[in-house]
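Open the model in your viewer and keep the selection panel at hand. We will go stop by stop, and each stop says what to select and what is there.

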Amino acid sequence: MSLYIFYISNSLLLLCLIASLMQSSKIINNKIFTRPGVIVLAYVQLISILLSFLILIYLFLISDFNFDLVYFNSHSEKPLIYKFSGVWGNHEGSMLLWILILVLFNFLFALSRRISERFKEITVAIQSIMIFGFVAFLFFLSNPFALNQNNFFDGIGLNPILQDPLLAIHPPVLYVGYVGFSLVFSLAIAGLITKEVDQRWASIVKPWVFSAWAFLTAGIALGSFWAYYELGWGGYWFWDPVENASLMPWIAATALIHCVLILQKRNVMQSWTIILAILTFSLSLVGTFLVRSGILNSVHTFASDPGRGLFILLFIFLILVFSFSLFAYNSEKINKINSMGLVSRGTGIQVNNWLLITILTIVFLGTMYPLATDLLLNKSLTVGPKYYSTTIAPIIILFLFFMFISPRLGWTDTKLYKIIIQLRYLIITSLTITLIISLYFELFNLTEILIIFFSLLLVISSMTASINFNKQNILVRTNLGQNLAHAGFGILMMAVVSNAVYSEERIYNAKVGDNLQLQKYIFSFDKIEQVEESNYNSLKAYFLMKKDGKLIDIFTPEIRFYSNPPTITSEASILHKFFSDIYLVMNVPQDQQSISVRMHIKPFMTILWLGTLMIIMGGIISASIRIGRFDEK
Amino acid sequence: MSSLVKSRLIKFLLSLIIVSIAVLIIIFNLRDNIIYFYGPTELLKNSDKQGQIMRLGGLVSVDSFQNETDSVFYFSITDGKNEIDVKYEGILPNLFAEDKGVVVEGVYMNDGRFIANKVLAKHDENYMPPEVIETLKKSGKWQGE
């Protein structure tokens, strides 16, 4: 049985290779492969990969340990959902998922209408060259369907820290984001080849780039949320290399979506848009594969394999060389000189583009510097998180200012003082609120105050801008997506700053019966008990949280002991309130009498996630509204 | 000068200024926030590093662990050649044990003692921090592949 599956799945991969090769050949206007058409081949690519992915899921579900991948990453006693998510909790499976999304985007684009046939052919051909490369890599170097000769009775199991419902969906969502930019990249290359990077091109690209961006944002947010409650350190972002690897394409993509917007409206910045499209996709590749390659030393490195990193580096290198030589050759022909006013919305967006690139450089240097010293000087070192916060904070202030002012400026030269006068009430309101906040909460750090002030300006102005009446007092259609995302970003920044300033931590060694204090709350250590679950045993402590003698909530932090593979994890117990989270973690007792408990007050966490959610919603709205407006001029 | 050239020139100069300021800030900040990693032998060679924040890694020496109170701990970190005594106040991670790999962050004091303010947590029982492997290889005590 296993042998049949082995042959079928590998033939499916080969079938996809052939279809992609035929699809790629259409890049030259040849007569050999005019048939079968683009759509037929796209169907073949999609169905072959989809089937092999389903087969892999099936193998995990029935725990067929004849396959190496299942043996190393699954266990028969694992709950069903984690057998399922175990499919992409490893290198080969996640590669297959990555390819599945790659062919899915290829397929969806092949089906889209109102795009010239030749342009579509070229885009799909570029996309298929990548599909070919990755399927070949999968087939020859990391085949998920490799058989072993032994009859293993049971598998090794999935890392318990990955056994979490959120981590079941985090990789697929993140991958849709990363891979979405592959299509944007293909579109950029097709634009370079046909020399048609214009307003029409921008409106074709827009829905794809916005949806990829929204998914990437959601993927990062899910990962951050997972780290917050699963790692048990009370933080949501650690400036860890793996986190940075996902943040870098996000920053580039954020610059890109704004460039696509200006290109569509004003037909300017063609070259820069193309460069950003190439950059975003290259960084997405870095994000996916350097994480998997094990080159980055990180707490999040799961399923790593250094040997494969080389292939990916080579691939990124080829993409960069190819696309930039094409760019150098054709860039003169895509640029049209169109001026924007000096004080205009376009300039504002351009300035923020530069600021984003600066932040990108900061993150890039911080992430790569330790790698470079390790490889070149054989010296290990780490860059402390303070580097990022102190360097990025001043830039964020400028960034927030331009985010606030740019949408208020016209596309042509605008008089700045007129705008300021127009917005005087807004500015006075924000100033007052900031003053009250800083006096009441004793916030006297200039950087922090400025971030709060400009965030407030941004939030209030975005919110008021989304409610817009015309002269007849009728609500007019406004740019809801943009305003929602911008307001969300302001809210996020305020939450990040206040969270950093007002977080509190207490550490106790507690015995049953002890009363521990955190601010105005008392935690009574009620009892500790052992719990047996299907795939782990756990030690569960009960803390009664009281305020003024009244019971408010019961906290149950846990320590879980997994046996397949043997690992210990701490499960935090968190109470989410609107203005702050209360967070309890315990650790393995040093002696039998007491346990170590760490308590955190994390203010504004709910608001922080809310801001992030608004950004994602904004992206989704912007992506979907524009799908119906392809040939709007 | 035409207005187009003028506006481009201003934009160019503006971005040049922004970029150079940014690069300066980045470089200075990066230099201030680097945390070096040492093994015990390396640290003893670099005794001028006293007073700086750094990371120290190796194996927790056998029979070196003591707790003064519930949250003040003493132990030694070894690479097989040399040992450094560590004092740590706080919570030890779940997988902390003698003869296992460990990385601590803190300050190397003048009296040769290392005062740790963080013991870095790892999740996997078999996980060995890459720096520790490197340290053990340098001292010739690495047993693995």
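**Before you start**

This is a predicted model: local features need pLDDT of at least 70, side-chain atom pairs count only at pLDDT 80 or more, and totals for chains, interfaces and linings use all residues. Residues are numbered from 1 along each chain as its sequence is written, while chains are lettered from A and ligands numbered from 1 in the order in which they are written.

**Stop 1: the domains of chain A**

Colour three ranges of chain A: domain 1 (1-158), domain 2 (164-329) and domain 3 (505-605). These bounds come from an automatic or database domain assignment. Now look at domain 1 and domain 3 of chain A. Their centres, taken over C-alpha atoms, are 44 Å apart. How many residues of domain 1 of chain A are in contact with domain 3 of chain A? There are 6, and they meet 4 residues of domain 3 of chain A. Contact here means that the C-beta atoms of two residues, placed from the backbone, lie within 7 Å. The domain 1 side of this contact has 2 nonpolar, 2 polar and 2 charged residues. Nonpolar covers Ala, Val, Leu, Ile, Met, Phe, Trp, Tyr, Cys and Pro; charged covers Asp, Glu, Lys and Arg; the others, Gly among them, are polar.

**Stop 2: α1(A) and its partners**

Select residues 2-25 of chain A, which form helix α1, and residues 38-61 of chain A, which form helix α2. Helices (H or I, at least four residues) and strands (E, at least two) are DSSP runs, numbered from the N terminus. Two packed helices are described by the angle between their axes and the distance between the axes. For α1(A) and α2(A), the axes come within 9 Å and cross at roughly 155°. That makes α1(A) roughly antiparallel to α2(A). Axes are lines fitted to C-alpha atoms, for helices over the stretch in contact, and angles run from 0 to 180 degrees between N-to-C directions. Angles over 145 degrees count as roughly antiparallel.

The crossing of α1(A) and α2(A) is left-handed. In a left-handed crossing, the near helix is turned anticlockwise from the far one by less than a right angle. Show side chains at the contact: I5(A), L12(A) and C16(A) are among those from α1(A), and V44(A), I49(A) and I55(A) are among those from α2(A). By class, this contact has 12 nonpolar, 6 polar and no charged residues.

The contact includes L17(A) and L21(A) of α1(A), and F132(A) and F139(A) of α6(A). Its residues divide into 13 nonpolar, 4 polar and no charged.

**Stop 3: α16(A) and α17(A)**

Jump to residues 446-466 and 480-502 of chain A, helices α16 and α17. Their axes are 8 Å apart, at an angle of about 155°. The two helices are therefore roughly antiparallel. Their crossing is left-handed. Among the contact residues are I451(A) and L458(A) in α16(A), and G490(A) and V497(A) in α17(A).

**Stop 4: a sheet in chain A**

Find the open sheet of 4 strands in chain A, with the order β2-β11-β10-β9 and antiparallel pairing. Two strands pair if DSSP finds at least two bridges between them. Which strands are at the edges? They are β2 (504-510) and β9 (573-576) of chain A, each pairing on one side only. Next, select β10 (580-587) and β11 (595-603) of chain A, joined by 8 bridges.

**Stop 5: where chains A and B touch**

Show both chains. The contact takes 35 residues from chain A and 31 from chain B. On the chain B side, α1(B) gives the largest share, 10 residues. That side has 16 nonpolar, 9 polar and 6 charged residues. Finish at β1 (381-383) of chain A, which pairs with β1(B) in the antiparallel sense over 3 bridges. T382(A) has I35(B) as its bridge partner there.

Technical notes. Angles under 35 degrees count as roughly parallel, over 145 as roughly antiparallel, 65 to 115 as roughly perpendicular and the rest as oblique.
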